[in-house]
Every structure is written in C-alpha cells, then in structure tokens.
Amino acid sequence: MLDQERQALISADYDALATFVSQKEALLSQLEKTIPAKEELRPLRQKMDENLGLLAAAIKGVAAASARLSALQNVKSGLSVYDNAGRLEHVRTHNPALEKKA
C-alpha cells in the first residue's frame, strides 16, 4: 500500500491519496495488535519517511501554484504600487476587452 501511495504522490493523483487514509488506519490497527520486531518495521518506516517527503513536496508545490494563480489574478484586476508615504496602494487597470468603440 505504501508503494501505491508513493506512485499516487509521484503522479499527483490526489484523489487516490484520499482513498488510502482508511486503508492505512486499518493496517495500523492490525500492526498494533501484532507488535512486530524493529527489524520488520524498519523498511516500513523508511517507505513512510520517503512518502512523507513526497507529500511535503506536493503540498509545497500546490501552495506555490495557488500563490502564482492568485498573483496572476491580482495583475488582471490592477497593479499594486507604493505611494509617496510608502503605503501599498492598489491601482485598478483599465480592461480594454470591455471597451465599446463607436
């Protein structure tokens, strides 16, 4: 299951990641009951750490994309500039696409 989770993270299949939550919970419950030796858990821990790194990178990428889309949207609606007093001011831009010509 951790290998499937890794593939979903690599391919950005976020819908698949949501399905793994309940499966992981069930597997962790079973794991608690069996109390495996440390040697058996080491490979699992390594895969979990790798997936955690991929997940962190995915979250960072989605946040960066969201910030970029927000910045592009702000550019469409206007321009942010500093006034003489050093305060940030938003200047609306004229949208020529909406202009009617005679």
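**Group meeting: a walk through a predicted model**

From the N terminus on, the elements of this protein run α-α-α-β-β, and together they come to three helices and two strands, where helices (H or I, at least four residues) and strands (E, at least two) are DSSP runs numbered from the N terminus. Please keep in mind that this is a predicted model, in which local features need pLDDT of at least 70 and side-chain atom pairs count only at pLDDT 80 or more, while totals for chains, interfaces and linings use all residues. Residues are numbered from 1 along each chain as its sequence is written, and side-chain values use heavy atoms, with hydrogens and water left out.

Let me begin with confidence, given here as pLDDT, the predictor's confidence in each residue, from 0 to 100. The protein averages a pLDDT of 87, and 91% of the residues score at least 70. Confidence is highest in helix α1, residues 2–10, at a mean of 95, and lowest in strand β1, residues 78–82, at a mean of 82.

Now to the overall form. The radius of gyration, taken over C-alpha atoms, can be set against a globule rule of 2.2 Å times the number of residues to the power 0.38; a compact globule of 102 residues would come out near 13 Å, whereas this protein has 24 Å. Along the principal axes, the C-alpha atoms fill a box of roughly 80 × 40 × 20 Å.

How much of the protein is buried? Buried residues make up 10% of the 102 residues, where buried means under 20% relative accessible area, exposed means over 50%, and partly exposed lies in between, with a 1.4 Å probe and protein chains only. The accessible surface comes to about 8700 Å², of which 58% belongs to carbon and sulfur atoms, with areas from the Shrake-Rupley method, a 1.4 Å probe, and, for residues, only the protein chains shown counting as cover. As for contacts, meaning heavy atoms within 4.5 Å, 31% of those between residues at least 6 apart in sequence join residues at least 24 apart.

Next, a few individual residues, going along the chain. Ala12 sits in the loop between α1 and α2, the latter being residues 14–34; Ala12 has a positive phi of about 60° although it is not a glycine, and with a relative accessible area of 41% it is partly exposed.

Helix α2 holds both Thr19 and Gln23. Thr19 counts as partly exposed at 43% relative accessibility, and its C-alpha atom is separated by 12 Å from that of Leu2, 17 residues apart along the chain.

Finally, which helix holds Leu55? Leu55 is found in helix α3, residues 38–77, where it is partly exposed, with a relative accessible area of 36%. Leu55 and Ile10 are 45 residues apart in sequence, and their C-alpha atoms are 9.1 Å apart in space.
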